[in-house]
Amino acid sequence: MTILLTLVVLVLVAISIWQITKIFELSQPKKENTQVADDDDNRWNGKMMFAFLIFIYAITLFSFWKWGDVLLPEASSEHGLEYDNLMWISFAIIFFTQTITQALLHYFAYKYRGEKGKKALFYADNDRLEAIWTIIPVIALAGLILYGLYTWTDIMTVEENDDALVVELYAQQFNWKARYAGEDGVLGDANVRFLQDFDGKNLVGIDATDPNGFDDIVVQELHLPAGREVIFKMRSQDVLHSAYMPHFRAQMNCVPGMITEFAFVPTITTEEIRQTEDIKAKVKKINAIRRENSQELIAKGEEALDPYVFDYLLLCNKICGASHYNMQIKIVVETPKEFQKWIDNQQTFAEVIQ
Amino acid sequence: MSTAVAQLHEEEDHGHHHKETFITKYIFSQDHKMISKQYLITGLFMGIIGIAMSLLFRLQLAWPEQPMGIMSALLGKWAPDGVMDPNVYLALVTIHGTIMVFFVLTAGLSGTFSNLLIPLQIGARDMASGLLNMISYWLFFISSVIMVFSLFVEAGPAAAGWTIYPPLSALPQAQPGSGLGMTLWLVSMAIFIASSLLGSLNYIVTVLNLRTKGMTMSRLPLTIWAFFITAVIGVVSFPVLLSAALLLIMDRSFGTSFFLSDIFIQGEVLHYQGGSPVLYEHLFWFLGHPEVYIVLLPALGITSEIIATNSRKPIFGYRAMVASILAIAFLSTIVWGHHMFISGMNPFLGSVFTFTTLLIAIPSAVKAFNYITTLWKGNLQLNPAMLFSIGLVSTFISGGLTGIILGDSTLDINVHDTYFVVAHFHLVMGISALYGLFAGVYHWFPKMFGRMMNKNLGYLHFWVTAICAYGVFFPMHFIGMAGLPRRYYTNTAFPYFDDLANINVVITVFALIAGVAQLVFLYNFIHSIFYGRLTEQNPWRSNTLEWTAPIKHFHGNWEGKIPEVHRWAYDYSKPGHEEDFVPQHIPLKEGEEELQH
């Protein structure tokens, strides 16, 4: 109802603006109205240009003041720190350029607003100037490209080392599953053709003729040991999905018919990050919002919302159908000891199909 | 040679084109000016649909799952109890993207102004082939009708995102929109591409062959350079999308496996073997990225012309402007992979595409700085068209700069497909190109309809739109950096995002106001066609040839001979001349030197 009212108000505002301009137009003395800007228009719009410059700065500052806390949450992976560095350097360059160029553009539009009888400067070319603003971006970009490529290679080079934990992330409409390689450290072969074997107990289609697969562990909750490299092998059984873990600065598409890879080292356990000031503040803020929303729900006779506890996110980030917005799996980052304890309690594939 | 052809054309033209019936004049017209109006009006109509859709899904995002009367009123059974269905949400974002990118900003923008301005500004009586031009428009019209029709099929229109990645788009089991809706989408786009190719070939041939005497390539107005290069990019890249669409049709209907492999869906293993969705992504983005420039370059061309005319100054660095158009066009065909950094393709390719992508920033920076320098020490006539052009430069910079982040494969990892991307491309190509369209309409309205649009309504339209455009897209960067993925029906499934809800409300309110502001434009546009003030022949005191043609339209553009060209298009405020403009057809005075540009 409130929304309908808002809409009605908006429409009324629009109509009144329209009417006001009409009155404004009619009330003006019938001077020569050619619909070409005259000195009054130039003066007025020139000033508006200057005001608009201030508006751009204001909305920038306001957004940072009001919403700055939601930007890039703390990085919880080793390469995340490198990523954040590059991001802030790029941001600094962007803000510097944005501030200066918008100022020049709008200030010139204000300063050189037209007047009858004034003549513009005939100024068509200056090779020196143009060389300058070609070379400056070249230098800035060369730096960014080199730094970017160095980081990219570093992140994307997945080295198979014995120490790493190999995890398969398996996507389907509309949930995730994870498969651990088990004691042999090798994932058994798998294909969607085997999904219906063993009365549907073969959740990710492990090939039962491959001995490497028997000790594999398939679970619906993703546990990761802190401080150890995790190599993700991604698969999808139906359409494209994308595994996006913003806190770890990690993302890779899951593509039916092929296995994609991404590796990172998680550094902060779930318990640890819940104790950081940032997360505490965020959880507090969110719970305040949820309490408020709950009151509305209770008033309507519906159930209240659960209080929020922080967990790392794994989001599907490639449009995949109706419930794309709601593909959930819990991520738990824990100490290697806790991880070992957890995984020892899970059933292997051999046990499941017995 | 161009002279000979022009003369030939001239003689030919005196032969026919005189007997015009209602149908040949207004419907199956071969006159480029009428076709241009047809493109504009069809484009605006599609624009209304596209923008209305965006307002609907913005309402859903701001107040998710709250019953709204407007939803049930407009969506009927697709919004049971006034709450939009998730599949409908996806369909709306898909069709919004498709309509805005292709039907409004490609056909509506480039189709309108290439058709209007190429013959008039180069001094030709019409396009090289009036017949092809007419067919091009009617194919566009048919594809628009099919696209609109697809909104009404039982299971809903295509809903796999405007990029329609398979397998989602290939399998009706995957979502309802991938049935008949997707078939219609593909058919509509195939026809659209045919239309676009016919149009582009015509533009290229016309620019190369029908320039009037004295109109050398280095005297072409920048508008024509932009339209010309846009047409070249279109001819190079659109056929690749056509091939992708055809292969997808084969996969959908004839059991081939170009893009599909190893799929299990709805309890069934499908027969597809050996294809790859990544191949589709390559084919799609080989058009998809140049498409950004197909949309943007005409807007930049229009802006160059309007900023020079209204600054009463030559465009600064004409040669650099042409060179940067060429550089952008070339680079645009070798950067498509930056949409695919995390698609699973070889990371080495990511490095190559990062390199080529960031290079595009260089010609773009040159363009931005040249616009700013053109304003410097000008005598700015702040007409509505000029305001939109300055606005374009502003959003082009704001949106373009964040491209440095998205074009960098490393940084893309964490912002890929989030609202950061949505904010970036809406500013840099959506809003910028839309401003280009508005600027063009305000500026050439007198040429098209012989009347002027109301300037005060134009000012109102610009300022409300300009404020709302930043109001919508600036905060969007923040929710993107917070990690919120795009194409989410609601953000309530993850309580982590609860603190972004109020930002979404702010965005939606600005979007609604912006939507209302477009009604001002629409009113002004329609009202002025019939009741606008009659125009003088050259209201903006511009140099280009179109303003030497009579106000009243007739097929052939000029009575008598086509004017000859003696100078470039930017002799504004040239010392030694009484007036602050010297049109292109005025011969050089004795002792006057033409600028070495």
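Let me begin with one residue, B:Y203, which, once its neighbours within four places in sequence are set aside, is in contact with B:S114, B:I118, B:F227, B:F228 and B:A231. Please keep in mind throughout that what we are looking at is a predicted model. The residue B:Y203 belongs to helix α7 of chain B, which runs over residues 180-209, and B:Y203 counts as buried because 28 other C-beta atoms lie within 10 Å, where the cut-off is 20 or more. As a further point of reference, B:I294 stands 91 residues from B:Y203 in sequence, while the two are 13 Å apart in space when taken from C-alpha to C-alpha.

Turning to the chain as a whole, chain B contains 18 helices and two strands. Its radius of gyration is 24 Å, close to the 25 Å that the globule rule gives for 597 residues, so chain B is as compact as a globular protein of that length. Along the principal axes, the C-alpha atoms of chain B fill a box of roughly 80 × 50 × 45 Å, and 65% of the 597 residues of the chain count as buried. Among the contacts in chain B with a separation of 6 or more, 80% are between residues 24 or more positions apart.

Finally, I come to the partner chain: 123 residues of chain B are in contact with 108 residues of chain A. On the chain B side, helix α17, residues 455-481, gives the most, with 13 residues, and by class that side is made up of 78 nonpolar, 32 polar and 13 charged residues.

Notes:
Residues numbered from 1 in each chain as written. Chains lettered and ligands numbered in written order. Predicted model: local features only at pLDDT ≥ 70, side-chain atom pairs only at ≥ 80, totals over all residues. Contact = placed C-beta atoms within 7 Å. Helix = DSSP H or I, 4+ residues; strand = E, 2+ residues; numbered from the N terminus. Nonpolar A, V, L, I, M, F, W, Y, C, P; charged D, E, K, R; others polar. Buried ≥ 20, exposed ≤ 12 C-beta atoms within 10 Å, placed from the backbone. Rg over C-alpha atoms; globule rule 2.2 N^0.38 Å.
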